[in-house]
Amino acid sequence: MTASARKSGGSKTSVPVENVAHLLSKAVGDEKALEIVRTTCGTLGFRTDTALSLDEALQVLETIAEQAGLLGVTARFAKSRLHLSLL
Amino acid sequence: MSTLIATASASGSAAEATTQIADRLRSKLGDRAPALVMVFASTSQPLQEVASALTQAFPEAAVLGTSTSGEFTEAGDTKDAVSAVAVAGDFVVRGGIGTNLGADPDGAVKAALEGVPASMEGFSHRTGLLLLDPLSGNGEMATLLTASYLGEDIRLAGGAAGDDLGMTRCEVSCGERVANDAIVAAVVYSKAPLGVGVCHAHFPISEPLTVTKSEGGTVSEVEGRPAWDVWAEQTKEAAGKVGIDPNTLGEDEVGAFLLRYEAGLASGEEYKIRAPLSRNEDGSLSFACGIPQGSKIRITEGEPAQQIVAARTAAERAKAQLEGEAAGAIVFDCICRNLILGDTFGSAVKGISEELGGVPLAGFETYGEIALDAGDLSGFHNTTTVVLAFPE
């Protein structure tokens with residue numbers, strides 16, 4: 001578990017980076033979605049060679065959701081879908 | 001109370017067409033009062049006249065409307081005409097209209113949903129119904145925002161208005177209020193679930209191409225070159241097989257051409273199709289929804305036989321969501337399918353009716369379709385057939 005997930009005492013559920021990207025792929029396609037998620041993980045200091053914790057995945061989507069336009073709206077929508085599917 | 005679906009189609013002036021449609025619907029409905037009337041009008045019958053007349057003819061119903069690129073009922077498809085469907089039964093429908101969809105999609109969606117209650121006592125199911133102007137470039141964003149505001153459990157169906165391939169003004173209506181750059185959002189409250197099915201049959205004909213310059217729904221450059229140049233180059237071989245040379249198209253032919261060769265975003269094993277609607281003077285292409293810069297797209301096309309199969313599959317999927325038999329349906333069908341199928345388009349419409357048990361249906365040819373089920377991550381589609389089936 002990463003420092004961030006430990007700090008938040010987060011869920012033990014893990015989410016592969018590819019799965020987080022898939023939540024955005026209908027808006028931007030697989031390739032761009034994976035690039036955005038990896039870049040955002042890097043910015044947040046999360047490793048991408050292992051699965052993200054649920055808290056980390058939600059933080060990634062929350063960060064992307066701050067962007068204006070379709071990508072931001074899709075990330076906001078994906079965040080609520082991820083919550084529902086895993087909680 | 002059983003469901004009764006009445007459909008009608010008529011041509012002539014707006015006044016003539018709406019008089020005939022109101023009479024035919026009333027005749028089929030008998031003493032039943034419709035909860036919903038949807039009207040699909042070509043650009044030959046101004047939507048303002050059509051919507052006003054039918055709203056006055058059916059004051060008991062929510063009357064929603066859109067301009068089209070073709071209209072149909074189970075009896076066949078038309079151009080330059082009006083078709084309509086009336087739904088009577090255990091349903092309540094509430095909706096509204098929001099404008100300024102291009103500049104402020106959030107505000108437009110909120111305005112449209114302002115008078116829509118979260119629930120309706122005695123009606124345990126809700127289905128969202130959307131009509132929007134695709135020229136706003138915010139089809140997907142508006143759909144996701146609507147789903148967010150209506151709640152996670154809602155199913156959405158709908159279509160993006162057309163304008164007979166003019167690509168200049170697409171209108172939607174709620175009651176007597178008609179607008180372009182607008183969205184109509186309504187909720188059908190029902191005692192049994194409605195079914196929503198969607199399917200497309202497009203496949204890629206190009207290698208992955210990177211969108212190197214875009215803003216909102218406007219794609220300026222692909223692979224560092226003007227988007228149109230890349231489109232013409234990549235589609236030349238496939239278009240040649242059906243007798244089209246993209247380099248010699250007249251301005252009035254470009255819209256129809258682009259609707260045959262749409263963009264596909266890879267999403268797992270599927271392709272999410274995005275429709276370019278028009279070519280701009282600088283060679284950029286305007287899409288019905290946002291295409292973020294950096295996206296990888298494939299140009300796609302559809303094959304006629306598979307288009308008919310896809311329509312039946314959409315109907316089958318919609319029927320599977322009902323708890324019993326279907327009483328009828330409203331269908332949102334991409335104009336590209338008509339362009340591909342030509343004279344055989346009518347058989348695709350008949351196939352939908354047959355798949356649902358030979359029921360009445362009405363719909364229109366769209367510039368985009370809306371279908372979102374609980375759990376889906378996207379709700380705005382292109383090249384698809386969307387079937388909204390009503391339970392008996």
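How many bridges join S1(B) to strand S6 (residues 81-88) of chain B, and do the two run parallel or antiparallel? I found eight bridges, and the two strands run antiparallel.

Ground rules first. I am working on a predicted model, where local features need pLDDT of at least 70, side-chain atom pairs count only at pLDDT 80 or more, and totals for chains, interfaces and linings use all residues. Residues are numbered from 1 along each chain as its sequence is written, and chains are lettered from A and ligands numbered from 1 in the order in which they are written.

**Sheet, chain B.** I took helices (H or I, at least four residues) and strands (E, at least two) as DSSP runs, numbered from the N terminus. Strands pair if DSSP finds at least two bridges between them. The open sheet has six strands in the order S1-S6-S2-S3-S10-S11, with mixed pairing. S1 (4-11) and S11 (177-180) of chain B stand at the edges with a single partner strand each, so one side of each has no neighbour in the sheet. I also looked up one bridge: B:Ser11 has B:Ala81 in S6(B) as its partner.

**Helix on the sheet.** Helix H1 (residues 14-29) of chain B packs on the sheet and touches S1 and S6 of chain B. Its direction makes about 155° with that of S1(B) (axes are lines fitted to C-alpha atoms, for helices over the stretch in contact; angles run from 0 to 180 degrees between N-to-C directions).

**Interface.** I counted contacts as C-beta atoms, placed from the backbone, within 7 Å. On that basis 21 residues of chain A are in contact with 22 residues of chain B. H5(A) gives the most to chain A's side, with 10 residues.

Conventions:
Two residues are in contact if their C-beta atoms, placed from the backbone, lie within 7 Å.
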